[in-house]
Amino acid sequence: MSLESVIRELGKEIQADPRFEALQKAAKANDADEGIQKQMQELQLITLKYQQEATKGEEADNERIEELQKQYQDLYTEVMGNENMMAYSAAASEMEQMAQYISGMIGLFFDGQDPETCELPDPSCTHDCTTCGGCH
């Protein structure tokens, strides 16, 4: 079996994983949520206004910059509190964890570890065994 075919099989397995399906479902819900879409456009507009003001250098209106920062933060908090966005964020986090696991395992393989038996170290491991009872 070629490396390319193995990678394609991995891609199929990733897309068959329930975490992938959850992310796709959450993304579609966000795309269909007109309120979130409008808020995202507003965030982009605030960002543009902020950038325009900030590039004025010494002539920039600091009160305006602070006002835009507050508007952005308030709207961002509102967006992130939306049920659809919270579901999307949770699903994206799960997929990121999967990606980190895959990347970590591939890193072990590149380091010459046995693909049949190697395991990722405990993420809480500091490599200083005085902080715990050891990880082996």
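## Basis of the model

The structure is predicted: local features need pLDDT of at least 70, side-chain atom pairs count only at pLDDT 80 or more, and totals for chains, interfaces and linings use all residues. Residues are numbered from 1 along each chain as its sequence is written, and side-chain values use heavy atoms, with hydrogens and water left out.

## Helix 5: length and ends

Helix 5 covers residues 83-110, which makes 28 residues. Helices here are DSSP runs (H or I, at least four residues), numbered from the N terminus. From its first C-alpha to its last, helix 5 reaches 41 Å, close to the 40 Å expected at 1.5 Å a residue. The expected span is 1.5 Å times one less than the number of residues.

At the start of helix 5, the backbone nitrogen of Asn-84 has a side-chain oxygen of Asn-82 within 2.7 Å. After helix 5 comes Gly-112, with a positive phi near 90 degrees.

## Helix 5: buried residues and surface

Which residues of helix 5 are buried? They are Met-85, Ala-91, Met-95, Met-98, Ile-102, Met-105 and Leu-108. Buried means under 20% relative accessible area, exposed means over 50%, and partly exposed lies in between (1.4 Å probe, protein chains only). The cover over these buried residues includes helix 1 (3-16), helix 2 (18-32), helix 3 (34-54) and helix 4 (62-80).

On the surface, Ile-106, Phe-109 and Phe-110 form a nonpolar patch with about 330 Å² of accessible area together. Such a patch joins nonpolar side chains (Val, Leu, Ile, Met, Phe, Trp, Tyr) within 5 Å, taken from residues with over 30% relative accessible area and no salt bridge. Accessible areas come from the Shrake-Rupley method with a 1.4 Å probe, and for residues only the protein chains shown count as cover. Phe-109 lies in helix 5 and is partly exposed, because its relative accessible area is 36%.

Is Asn-30 buried or exposed? Asn-30, in helix 2, counts as buried because its relative accessibility is 7%. Leaving aside residues up to four places away in sequence, Asn-30 touches Ile-36, Gln-37, Asn-84, Met-85 and Tyr-88. A contact means heavy atoms within 4.5 Å.

Glu-119 is found in the segment after helix 5. Its relative accessibility is 67%, so Glu-119 counts as exposed. Glu-119 and Leu-43 are 76 residues apart in sequence, and their C-alpha atoms are 42 Å apart in space.

## Salt bridges

How many salt bridges does a search of the whole structure find? The search finds 6. A salt bridge is a side-chain nitrogen of Lys or Arg within 4 Å of a carboxyl oxygen of Asp or Glu. One of them joins Asp-17 and Arg-19, at 2.8 Å from N to O. Asp-17 is buried, at 17% relative accessible area, whereas Arg-19 is partly exposed, at 33%.

Another salt bridge links Lys-56 to Glu-53, at 3.1 Å from N to O. Lys-56 is partly exposed, with 44% relative accessibility, while Glu-53 is buried, with a relative accessible area of 10%. Arg-64 also forms a salt bridge, with Glu-67, and the closest N and O atoms are 3.1 Å apart. Arg-64 and Glu-67 are 3 residues apart in helix 4, so about one helical turn separates them. An α-helix has 3.6 residues a turn, so residues three or four places apart point the same way. Arg-64 is partly exposed at 27%, and Glu-67 is partly exposed at 39%.

Note on methods:
Helix = DSSP H or I, 4+ residues; strand = E, 2+ residues; numbered from the N terminus. Polar contact = N/O pair within 3.5 Å; in protein donor to acceptor, adjacent residues only side chain to side chain. Patch = residues over 30% accessible without salt bridge, like charges linked within 9 Å, V, L, I, M, F, W, Y side chains within 5 Å.
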